[in-house]
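This briefing is for a reader meeting the structure for the first time. Please look over the sequence and the model before reading the points that follow.

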Amino acid sequence: MSQSRMCALLVVSLLSAALPAQAASLPQIKTSGVLRLATEGNYPPFNFYKNKTLSGFEVELGNALARQMGLKPVWTTVVFESLLLGLSRNRYDLVIASHGITPERLKAVDFSAPHYCSGGVLVARPGGPRTLTDLRGKVVTMGVNTTYLGYVQKLPGIAGVKTFSTTNDQLNAVLNNRADAMVLDRFNAIDASKVLPGKLQLGDIVFPERIGMAMDKNSPELVGAVNKALATLMADGTYAKLSVKYFGQDVRCP
Ligand code: ARG
């Protein structure tokens with residue numbers, strides 16, 4: 001082979017390695033018989049490992065959605081900050097990991113109709129900051145790529161922001177005095193304060209969030225099918241049952 005031809009081949013193969021794989025289409029997913037879901041696996045009670053088994057509200061909901069669509073659910077767990085990247089790389093079809101539906105995220109991915117409504121609350125040691133004004137001069141800790149980080153970073157007078165990949169590491173930073181407060185989903189915070197009785201103080205709701213499932217922008221048919229399945233589960237009692245199991249109440253958006 002001539003040197004220039006080899007060079008051209010090398011360029012072509014480098015280019016194709018750099019190009020993102022195309023997301024699977026709904027017909028391709030149906031043919032495969034499998035819905036590939038991704039979540040964090042470290043965010044109780046939404047998605048977590050219980051004796052090595054992935055469980056939680058979002059995991060059970062994802063399983064029910066797949067079954068409703070006639071598909072077998074197959075799960076991948078990925079650190080929260082990298083979850084949305086895997087969609088354009090075709091590593092999985094859908095992310096269900098408590099992502100708030102925001103204009104910034106909508107530039108990169110599509111969202112289903114919200115699968116629950118919640119809000120971030122301020123969490124501190126007892127006697128610590130309760131309101132956003134209390135955060136002046138304080139050190140806060142947030143999750144990488146979370147809406148909470150984006151929000152708190154913009155507040156005036158914050159003394160420092162420490163980021164961690166998991167909620168557990170953020171909670172530990174608060175408990176060990178390495179940070180004064182964090183923002184945590186309200187249902188998450190209720191769960192954490194049950195696990196650590198007397199150790200945490202829950203303050204104000206910082207902002208409300210509509211939480212949805214993320215899919216690649218090139219999969220509008222998949223978004224439609226997921227929304228249809230979600231509406232069915234919301235109408236037939238499956239959703240309400242799961243929600244009461246994990247939260248003692250129905251967490252769907254009003
Ligand atoms: N709701 C927040 C957001 O949209 C936090 C989500 C964190 N989720 C997780 N699985 N760790 O960014």
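The link between C117 and C253 is right-handed, with 95 degrees about the S-S bond. This is a predicted model, and the structure holds 1 disulfide. In its protein chain there are 10 helices and 12 strands. The points below begin with the disulfide and then turn to other parts of the chain.

**Disulfide**

- A disulfide is a covalent bond between the sulfur atoms of two cysteines.
- Here the two cysteines are C117 and C253, and their sulfur atoms are 2.1 Å apart.
- C117 lies in strand 8 (residues 116–124), while C253 lies in the segment after helix 10 (238–247), so the pair ties together parts that are 136 residues apart in sequence.
- C253 counts as buried because its relative accessibility is 16%, and the cut-off for buried is under 20%.

**Whole chain**

- The C-alpha trace of the protein chain spans about 70 × 55 × 35 Å along its principal axes.
- Among the 254 residues of the protein chain, 45% count as buried.

**Cavity**

- The structure holds 1 cavity of 30 Å³ or more.
- The largest cavity contains about 210 Å³ of space.
- The largest cavity is lined by 21 residues, and those closest to its centre are Y43, F80, T146, Y148 and T167.
- Elements that give two or more residues to this lining are strand 6 (94–100), helix 6 (147–153), helix 7 (167–175), strand 11 (181–185) and strand 12 (201–215).
- Strand 6 gives the largest share of the lining, 4 residues.
- Sorted by class, the lining has 8 nonpolar, 9 polar and 4 charged residues.

**S98 in strand 6**

- S98 lies in strand 6, the element with the largest share of the cavity lining.
- The phi of S98 is positive, near 65 degrees, in a residue other than glycine.
- S98 has a relative accessible area of 9%, so this residue is buried.

- Strands of a sheet pair through backbone hydrogen bonds, either parallel or antiparallel.
- In this case 3 strands form an open sheet in the order 2-3-4, and the pairing is antiparallel.
- Strand 2 (42–43) and strand 4 (53–55) stand at the edges with a single partner strand each, so one side of each has no neighbour in the sheet.
- Strand 3 (residues 47–50) is joined to strand 4 by 3 bridges, and the two run antiparallel.
- Y49 has L54 in strand 4 as its bridge partner.

**Loops of the sheet**

- P45 lies in the loop between strand 2 and strand 3.
- The peptide bond from P44 to P45 is cis, and its omega is near 5 degrees.
- K52 lies in the loop between strand 3 and strand 4.
- K52 is not a glycine, yet it has a positive phi of about 70 degrees.
- With a relative accessible area of 80%, K52 is exposed, because exposed means over 50%.

**Helix 3**

- Helix 3 (residues 57–68) has 12 residues, and from its first C-alpha to its last it reaches 16 Å, close to the 16 Å expected at 1.5 Å a residue.
- Helix 3 is largely enclosed by the rest of the structure, because 9 of its 12 residues are buried.
- The buried residues of helix 3 are F57, E58, V59, L61, G62, N63, A64, L65 and A66.
- After helix 3 comes G70, which has a positive phi near 75 degrees.

- T131 is placed in the loop between strand 8 and strand 9 (139–143).
- The relative accessibility of T131 is 23%, so T131 counts as partly exposed.
- T131 and I205 are 74 residues apart in sequence, and their C-alpha atoms are 8.5 Å apart in space.

Methods:
Residues numbered from 1 in each chain as written. Predicted model: local features only at pLDDT ≥ 70, side-chain atom pairs only at ≥ 80, totals over all residues. Heavy atoms only, no water. Expected span 1.5 Å × (residues − 1). Buried < 20%, exposed > 50% of the residue type's maximum accessible area, 1.4 Å probe, protein only. 1 Å grid on protein atoms, 1.4 Å probe; cavity = no way out; pocket = protein on both sides within 12 Å on 5 of 7 lines; lining within 4 Å. Points joined across faces, edges and corners; volume = space filled by probe spheres on them. Nonpolar A, V, L, I, M, F, W, Y, C, P; charged D, E, K, R; others polar. Disulfide = S-S within 2.5 Å. Pairing = 2+ DSSP bridges.
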